[in-house]
Amino acid sequence: MNIVITGANRGLGLGFVQHYLSKGDEVWACYRSSLDGLADIQSDKLHTVQLDVSQDFAVKDLDVPESIDLLINNAGIYGPYGGQDLDSITSEAMLDVFNVDCVGPLRVVQQLKDRIIQAGGAIANISSKMGSSDDNGSGGTYAYRAAKAGLIIISKSMAVDLKPLGVSVITLHPGWVTTDMTHQSGLIDVQTSVAGMTDVISRISDYELGQFVAFDGQVIPF
Ligand SMILES: NC(=O)c1ccc[n+]([C@@H]2O[C@H](COP(=O)([O-])OP(=O)(O)OC[C@H]3O[C@@H](n4cnc5c(N)ncnc54)[C@H](OP(=O)(O)O)[C@@H]3O)[C@@H](O)[C@H]2O)c1
């Protein structure tokens, strides 16, 4: 399979790269500015592509294959740590996080969808349970919650719009994972999260259109 992964230089993105390379797939690993963990991988099936998802111009003319079996929109930011409550959240932080976490995946899909349609492929959008209104019992975290909620909604629209064209779309929650984003806290490691999410992706047809699914296969209300 030809697989494109954004935010692939560290954390969950790097875990996805390692998983699919170990299965023998061809991986186009997109990184924003630094190769980080990608530099340590020796594989002729790994192709690195510079991509900042926050800019319209940056997603154009990407050096990826004509036929893409799987796109994983993984790149994301949390926004200011400790500065996302009702009193401290700023317009700038709201817009920055929304631009990367919600508009970013949309930009990438707009650019690559014809290549995914050609393969009859799939798209996995990595959101977060923090974007579930149903799950929000603690409030706060305005920017990250709103951006990830927006991603769940646009991912559902993508699922509806692309189904007639033979493309499957799913929205995923990785769990609470030990990465830089969680300051290496978390309940599970990257390998556990990626093993679960890739299993869900491999069973994408088991799920209803546009469902939001956790790494353990459970459907999350949103
Ligand atoms: N870890 C968790 O517990 C958890 C839970 C729920 C959802 N998620 C989601 O899972 C995804 C991966 O998270 P993670 O924990 O692996 O986070 P991470 O370790 O902080 O990695 C984030 C990745 O996104 C990339 N990125 C950030 N802004 C970008 C941009 N403008 N363009 C392209 N790439 C960009 C980063 O690249 P740089 O190295 O260049 O910054 C990095 O590769 C995110 O969407 C996150 O919201 C994570």
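Colleague: In which loop is Asn-74 found?

Modeller: This is a predicted model, in which local features need pLDDT of at least 70 and side-chain atom pairs count only at pLDDT 80 or more, while totals for chains, interfaces and linings use all residues. Residues are numbered from 1 along each chain as its sequence is written. Helices (DSSP runs of H or I, at least four residues) and strands (DSSP runs of E, at least two) are numbered from the N terminus. Asn-74 sits in the loop between strand 4 and helix 2 (91-119).

Colleague: Is Asn-74 buried or exposed?

Modeller: A residue is buried if 20 or more other C-beta atoms, placed from the backbone, lie within 10 Å of its own, exposed if 12 or fewer, and partly exposed in between. Asn-74 has 25 C-beta neighbours inside 10 Å, so it counts as buried.

Colleague: Which residues is Asn-74 in contact with, leaving aside its neighbours within four places in sequence?

Modeller: Two residues are in contact if their C-beta atoms, placed from the backbone, lie within 7 Å. For Asn-74, the partners beyond those neighbours are Ile-5, Thr-6, Gly-7, Ala-8, Leu-12, Gly-13, Phe-16 and Ile-126.

Colleague: How many Å apart are the C-alpha atoms of Asn-74 and Leu-86?

Modeller: Along the sequence, Asn-74 and Leu-86 are 12 residues apart. In space, the C-alpha to C-alpha separation of Asn-74 and Leu-86 is 27 Å.

Colleague: And where is Ser-138, and how many Å separate its C-alpha atom from that of Asn-74?

Modeller: Ser-138 belongs to the loop between strand 5 (122-126) and helix 3 (142-162). With 8 other C-beta atoms within 10 Å, Ser-138 is exposed. Ser-138 and Asn-74 are 64 residues apart along the chain, and their C-alpha atoms are separated by 25 Å.

Colleague: Let's turn to the ligand: which residues around it are the closest?

Modeller: The shell has 30 residues. Helix 1 (residues 11-22) gives the most to this shell, with three residues. The closest are Gly-7, Gly-11, Ala-75, Gly-76 and Thr-179.

Colleague: By class, how many residues of that shell are charged?

Modeller: Ala, Val, Leu, Ile, Met, Phe, Trp, Tyr, Cys and Pro count as nonpolar, Asp, Glu, Lys and Arg as charged, and the others, Gly among them, as polar. The shell around the ligand has 11 nonpolar and 15 polar residues, and its charged residues number four.

Colleague: Helix 1 and helix 4 also cross; which residues of helix 4 make the contact?

Modeller: The axes of helix 1 and helix 4 come within 9 Å and cross at roughly 60° (axes are lines fitted to C-alpha atoms over the stretch in contact, with angles from 0 to 180 degrees between N-to-C directions). Gly-11, Leu-12, Gly-15, Phe-16 and His-19 of helix 1 take part in the contact. By class, the contact has four nonpolar, six polar and no charged residues. From helix 4, the contact is made by Val-190, Gln-191, Ser-193, Val-194 and Thr-198.

Colleague: Which residues does Val-177 touch, not counting those up to four places away in sequence?

Modeller: Val-177 lies in the loop between strand 6 and helix 4. It counts as buried, because it has 22 C-beta neighbours inside 10 Å. Val-177 and Gln-191, 14 residues apart in sequence, are 9.4 Å apart in space, C-alpha to C-alpha. Beyond its sequence neighbours, Val-177 touches Leu-12, Thr-182, Gly-186, Ile-188, Val-190 and Ser-193.

Colleague: What is the phi of Gln-184?

Modeller: Gln-184 is placed in the loop between strand 6 (168-173) and helix 4 (190-202). With 9 other C-beta atoms within 10 Å, Gln-184 is exposed. Although Gln-184 is not a glycine, its phi is positive, at about 60°.

Colleague: What about the phi of Asp-61?

Modeller: The loop between strand 3 (46-50) and strand 4 (70-73) holds Asp-61. Asp-61 counts as exposed, with 8 C-beta neighbours inside 10 Å. Asp-61 is not a glycine either, yet it has a positive phi of about 55°.

Colleague: Finally, which pattern does the chain follow along the sequence?

Modeller: The secondary structure comes to four helices and seven strands. Read along the sequence, they follow β-α-β-β-β-α-β-α-β-α-β.

How values were computed: A residue is near a molecule or strand if its C-beta atom, placed from the backbone, lies within 6 Å of it.
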